[in-house]
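Dear colleague,

I am handing over a structure that you have not worked with before, and below it I have set out what was found in it. Please read the notes with the structure open beside them.

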Amino acid sequence: MGPLQGLIIIEISGIGPGPFAAMLLADMGAEVIRVERPGGSMFTASHNPKLDFLNRNKRCISVNLKEKDGVDTVLTLLEKADALLEGNRPGVMERLGLGPDICLARNPTLVYGRMTGWGQEGPMAKEAGHDINYIALSGALHGIGRAGEKPAIPLNMVGDFGGGGLMLAYGMVCALLEAKGSGKGQVVDAAMIDGAATLMASTFAANQAGFWSDERGTNLLDSGSHFYEVYETADGKYISLGSIEPQFYATLLNKLGDDAKHFENQFDMGNWPQMKAKMTEIIKGKTRDDWDAVFAGSDACYAPVLSMSEVRHHPHHQARGTFIDDGDVWQPAPTPRFSRTNGELRCAAATIGEHTKEVLREFGFSDEDIKKRLESGAIHSHSA
C-alpha cells in the first residue's frame with residue numbers, strides 16, 4: 001500500500017537526514033533499496049536492526065563502491081529505477097563515478113536527490129558541519145531560547161530532519177511528479193541550511209514587520225509571553241500553554257478562576273514578565289495530573305509535557321495509533337495518513353547485504369554474474 005507504491009528508489013546509505021528522507025518515501029510505499037558499504041558504518045554496523053527506525057521498510061544490498069564492478073552494479077540498478085538518493089559531500093559521488101551526469105546518461109528520467117548541509121555550491125559547500133551549524137547560519141538557532149540566555153539547541157529537528165530530510169523527500173516527490181509529464185529527470189539539491197531558512201519564513205516576515213524582535217525570549221512564541229510558555233508543576237513535571245487567540249485566552253482565564261484577575265490585559269507586553277512570574281507561581285501550586293483535570297476537554301490550548309517514556313501511553317496517541325508497538329520496540333507510525341492508500345510498517349531494517357542476491361536477480365543479473373561479483377569483492381551478501 002501507500003501512494004508511492006511502484007516507485008523504485010536507490011538509496012546510497014548515509015546518516016541522519018538522508019536515511020530519514022528515504023524512510024519517509026519507503027513508508028509511503030516506494031521500493032527503497034539501500035546500498036550499504038561492506039561492514040556498514042559506525043551508525044549501522046552494530047545496532048539492533050529492530051531499533052534502526054530510519055531504515056525500516058527498505059531492502060539492503062552491500063556494494064563496494066571503490067570497485068569498478070561495484071559502481072557498475074549500481075549503475076545497472078539505476079537503469080530500472082525512478083530515483084537515486086545520496087547524502088555525501090559535494091564531489092564524492094562524482095569521484096566514485098556515480099555523479100548526476102553519468103547516472104542521468106544511463107537513465108534520462110532519473111530523479112537524483114542530493115542531501116547536504118551547505119548545498120552543492122557556495123564558499124562553504126565542501127566544509128564539514130552538522131545540524132547545529134546549519135541552523136546557526138540560517139538564523140533559526142539565534143531565535144530559540146530564553147531572554148538573557150544563550151540559544152537553546154532544539155535537538156537536531158530543524159536542520160537534519162525538518163530542513164533536511166523532509167525537504168529532500170518533498171523535493172524528490174515533486175521532481176518525480178514532474179518527470180511523469182516531461183519524461184526528463186533532474187537533480188534535487190536539498191541543503192539543510194536552505195531548508196532551515198525556509199522554515200523561518202514567517203518569523204523573518206514578522207521581524208521585518210516590526211512584530212518580532214531579535215532579542216531572544218521577548219516575543220510572542222519564544223517564551224516572551226505568559227500565555228505561550230512551559231511551566232513547572234508541583235511534582236516537578238511540566239505543562240504547556242498556547243492560549244494565543246482571545247477566545248482561547250478567555251478559556252484559560254476561566255479555568256484559572258479567581259487568579260484570572262492577574263492576567264486581564266493579555267497583550268500588555270510591558271507587564272508580561274510580571275504576569276509570567278505570577279503564572280509560574282500558580283502552576284507550581286498543582287501537580288501535572290491536577291492541571292490535566294482542570295483543562296480536560298477545554299479550548300485553553302493546553303497539553304502536558306510528556307517524556308519519551310510516557311508519550312505512547314497517552315489516550316490520544318493510543319486512539320489514533322500514533323505509535324506502533326509490537327511488544328518489543330515502539331516507533332512512530334508512517335505519516336501523513338491517507339483515506340485510500342495509507343502507508344504502513346512492512347518490515348524492520350534489514351541487515352547489511354540481506355537482500356543483495358535477491359535484488360540483483362530481480363534486476364536481471366544472472367547467478368553466474370552475481371557469483372563473479374561476490375568473488376571479486378564488488379558486492380557482499382549475508383543471505384543464501
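Predicted model: local features only at pLDDT ≥ 70, side-chain atom pairs only at ≥ 80, totals over all residues.

Strand β8, which covers residues 238–242, pairs with β9 in the antiparallel sense, and the pairing runs over three bridges. Three strands make up this open sheet, in the order β7-β8-β9 with antiparallel pairing. Because β7 (228–232) and β9 (302–304) each have a single partner strand, they stand at the edges, and one side of each is left without a neighbour in the sheet. On average, neighbouring strands of the sheet are turned by 20° against each other, direction ignored.

Two helices lie across these strands: α10 (residues 272–283) lies across β7 and β8 and runs at about 40° to β7, while α11 (residues 288–295) lies across β8 and β9 and runs at about 150° to β9.

**Helix α1**

Elsewhere in the chain, helix α1 (residues 17–27) has eleven of its eleven residues buried, so it is largely enclosed by the rest of the structure. Among these buried residues are Phe20, Met23, Leu24 and Asp27. After α1 comes Gly29, whose phi is positive, near 105°.

**The protein as a whole**

The secondary structure comes to 14 helices and twelve strands, and of the 384 residues of the protein, 44% count as buried. Of the contacts with a separation of 6 or more, 68% are between residues 24 or more positions apart. The C-alpha atoms fill a box of roughly 80 × 50 × 40 Å, taken along the principal axes.

With best wishes

Note on methods: Residues numbered from 1 in each chain as written. Heavy atoms only, no water. Buried < 20%, exposed > 50% of the residue type's maximum accessible area, 1.4 Å probe, protein only. Helix = DSSP H or I, 4+ residues; strand = E, 2+ residues; numbered from the N terminus. Contact = heavy atoms within 4.5 Å. Pairing = 2+ DSSP bridges. Axes fitted to C-alpha atoms, helices over the stretch in contact; angles between N-to-C directions.
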